[in-house]
Each structure stands twice: as structure tokens, then as C-alpha cells.
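Okay everyone, thanks for coming.

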Amino acid sequence: VNSRTSYLVLIQDSTELRSSGGFIDTLAYFTLTNSHLASSHYFSTSSLPAWQKLTRSSEPNFPSFAKEISQLFTQTTSLPVDYVVALNLSTFQKILEYTGALSLPEISDPVSSQNLVSSYLNHLSNTGSKNPFISSLAAALSSRIHSLPTSTQIEIAYYLLSQFQARQMFITPISVPWDGSLAPPSCAYSPCSSDFLIPIENHIGFNKSSAYITRSATLTKELTDNQIESEYQLTLTNTSSSSAWPAGSVKNYFQLFLPPDSSIDSVNMEHSVSQRPGFNVISLLMDIPPGQTSNLNVRY
């Protein structure tokens with residue numbers, strides 16, 4: 001209120017996974033004056049110099065990632081950034097349930113929550129280009145939301161809050177980061193051992209095969225007098241039947257963040273183990289051809 005604020009929104013392509021939610025395809029830049037929208041601009045990451053380094057980042061700590069992105073954006077465009085927000089296609093998919101199907105100039109059939117991903121992948125197959133599908137979708141959603149009844153807008157606001165809570169969206173002020181950080185859970189009392197497991201996936205191929213992955217996981221624990229023995233099993237299946245772009249093999253850089261005092265007993269794949277503040281990290285590569293399944297088993 002009584003101020004001017006700028007927001008840089010990272011619209012991420014979750015058919016090509018990254019630690020923050022997906023490949024950064026489009027940037028939406030909004031300015032608000034006295035709480036009212038003053039201007040909006042959309043940028044393709046392909047049009048911004050030196051952007052490839054960040055679109056392939058595997059940094060899971062959003063505040064530090066957002067600060068790096070905002071600095072690069074301001075250097076490139078001379079536009080100031082007060083807040084960085086990240087959301088992905090799965091969030092758009094749910095919002096389409098509230099707005100109804102939208103017509104986009106790039107495709108013949110309206111885009112709905114049921115056909116969003118398939119429409120996007122078909123667009124890629126037919127044109128060989130991501131743009132301007134996602135930026136057109138973002139602009140159309142923004143326009144439609146403004147025309148909805150207040151009650152529906154409130155429902156969308158509640159849904160977006162749930163997305164922040166579920167870590168499907170992030171927001172951070174550039175001056176003082178406060179949300180989306182990767183930090184070990186704190187203990188409620190002392191002495192205490194905080195037990196947690198954080199799996200993170202980064203797609204490092206040049207296709208959209210994350211859209212074809214189905215995943216299931218189990219975590220079993222056995223408590224003894226002096227330790228917790230854990231077994232984590234992850235099954236990834238590439239449901240694609242084609243090796244042609246945008247489908248094909250899944251090239252997955254997988255990381256498992258564990259408590260710093262954990263001891264790794266066994267991993268059934270070639271891997272490395274490293275430490276970062278507050279974490280013990282297992283890192284490995286998974287290459288899953290179309291129609292194939294990969295099973296990861298970690299004991300610690």
C-alpha cells in the first residue's frame with residue numbers, strides 16, 4: 001500500500017524437472033502501484049543472454065537461486081526486482097479448473113486442465129518450439145482471473161496458499177529471503193535427533209521426458225536402542241513409447257538429502273556422497289529409456 005513493488009515470476013516447465021520445479025521457460029514481470037497492477041511484461045529465457053547457466057541450475061535452495069536470477073535479470077533488462085515467485089505447469093493445470101478452458105492463438109483446440117500437458121507436448125512436436133505457448137497461457141490466465149467473480153478469485157487465492165505450503169510454489173523477497181530455503185528441520189527439544197529425507201530430481205537431457213515419468217517410493221524404518229535404520233526405495237518408470245523428441249530417455253540427476261550424522265550402508269547404483277551444511281547428500285545419475293523402469297534402493 002502507498003508504494004511501488006516489482007515481482008519477477010518464474011514460470012517453470014515441469015515436463016523438464018529442476019530443483020526449483022522445472023526448466024525456467026518464461027519470465028513474467030509485474031509492477032504494482034498502491035496494490036494495483038501497473039504493468040506486465042513477459043520474457044522468454046531464450047532471449048536473455050547468459051540465461052542457460054541458470055536454467056540448468058540444480059541449486060535446491062530457492063532464496064540463493066532467486067537472488068542469482070534477479071541479479072542477472074536486472075543486469076540484462078535494467079528492471080528492479082523486489083520479490084521472486086516460482087510456479088510450474090502443474091499449478092497452471094489446477095487454476096484452469098477454476099477458469100475453464102482457454103483459447104490460445106498458437107493451437108487450434110482450447111486448453112483445459114485435462115489436456116494442458118498433452119497440448120503443450122503436441123505443440124512442441126508440431127513446431128519444435130516452446131514459445132510462445134507458456135507465455136500466452138500465462139497472459140490468458142491472468143486476464144481470465146481478473147474477470148472471475150470475487151468468490152472464485154478467493155478460492156484461487158486459497159489454492160495458491162496451499163501450493164506454497166506444499167512447496168509447489170516459492171516466494172522470496174530479494175532483500176531478506178524467508179521462504180523456499182533448504183534447511184534441516186529444527187528440533188522441538190534438546191537433546192534431539194532430527195530425522196528427515198529430501199529427494200530432489202533434475203532432468204539433464206534435452207527433451208521433456210519428465211512428463212512421462214511415473215514414480216512411487218517407500219520408506220521403512222527400524223528403531224533400535226541407539227540408532228534408526230532406514231531403507232528408501234524409489235521406482236521410476238518411463239511411460240513414453242517413443243524415442244523421438246520431446247519424449248525419449250529420461251536423464252535424471254537424482255539427489256537424496258539426509259541428516260548430517262547419517263551413515264550410508266548401501267546404494268544399488270553408482271553414486272557419490274558429499275556433505276553440505278546440515279546435510280549428508282547422495283548424488284547419482286539415472287538413465288531410463290522409453291518403456292523401462294529404474295529401481296533405486298538406499299540403506300542408511
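**Pockets, cores and a sheet**

Let's start with the lining of the largest pocket: by class, it has 22 nonpolar, five polar and no charged residues. For the classes, Ala, Val, Leu, Ile, Met, Phe, Trp, Tyr, Cys and Pro count as nonpolar, Asp, Glu, Lys and Arg as charged, and the others, Gly among them, as polar.

Before I go on, this is a predicted model, where local features need pLDDT of at least 70, side-chain atom pairs count only at pLDDT 80 or more, and totals for chains, interfaces and linings use all residues. Residues are numbered from 1 along each chain as its sequence is written, and side-chain values use heavy atoms, with hydrogens and water left out.

So what's a pocket? On a 1 Å grid over the protein atoms alone, a pocket is an open set of points with protein on both sides within 12 Å along at least five of seven lines, while a cavity is a set of points where a 1.4 Å probe fits but cannot get out; lining residues have an atom within 4 Å of a point. Grid points are joined across faces, edges and corners, and a volume is the space filled by probe spheres set on the points.

The largest pocket comes out at about 1000 Å³. Of its 27 lining residues, Val-9, Phe-30, Ser-142, Ile-145 and Leu-160 are the closest to the centre. Which element gives the most to this lining? That's H6, with six residues. Helices (H or I, at least four residues) and strands (E, at least two) are DSSP runs, numbered from the N terminus.

The second largest pocket has a volume of about 800 Å³. Here 31 residues form the lining, and the closest to the centre are Leu-17, Ser-19, Gly-21, Arg-167 and Gln-168. Its lining has 16 nonpolar, 11 polar and four charged residues. S6 gives the most, with four residues.

The largest cavity has a volume of about 40 Å³, and its lining includes Leu-17, Glu-201, His-203 and Arg-215. S6, S7 and strand S9 (250-258) each give two or more residues to that lining.

On to the cores. A nonpolar core is a set of buried Ala, Val, Leu, Ile, Met, Phe, Trp, Tyr and Cys residues joined through side-chain atoms within 4.5 Å. Buried means under 20% relative accessible area, exposed over 50%, partly exposed in between (1.4 Å probe, protein chains only). In soluble globular proteins, nonpolar side chains tend to be buried together.

The largest core has 26 residues, and Ile-11, Phe-92, Phe-133 and Leu-137 touch the most other members. H5 supplies the largest share of this core, five residues. Click on Phe-92: leaving out residues up to four places away in sequence, Phe-92 touches Ile-11, Leu-87, Leu-116, Leu-137, Ala-138 and Leu-141, where contact means heavy atoms within 4.5 Å. There's also a second, separate core of 17 residues, with Ile-213, Leu-236, Phe-254 and Leu-284 among them.

Last stop, the sheet. Two strands pair if DSSP finds at least two bridges between them. In what order do the four strands of the open sheet run? The order is S7-S8-S13-S10, with antiparallel pairing. S7 and S10 are the edge strands, each pairing on one side only. Seven bridges join S8 to S13; for instance, Glu-231 has Arg-299 as its bridge partner, and Gln-233 has Asn-297. Two bridges join S10 to S13, with Val-267 opposite Val-298.
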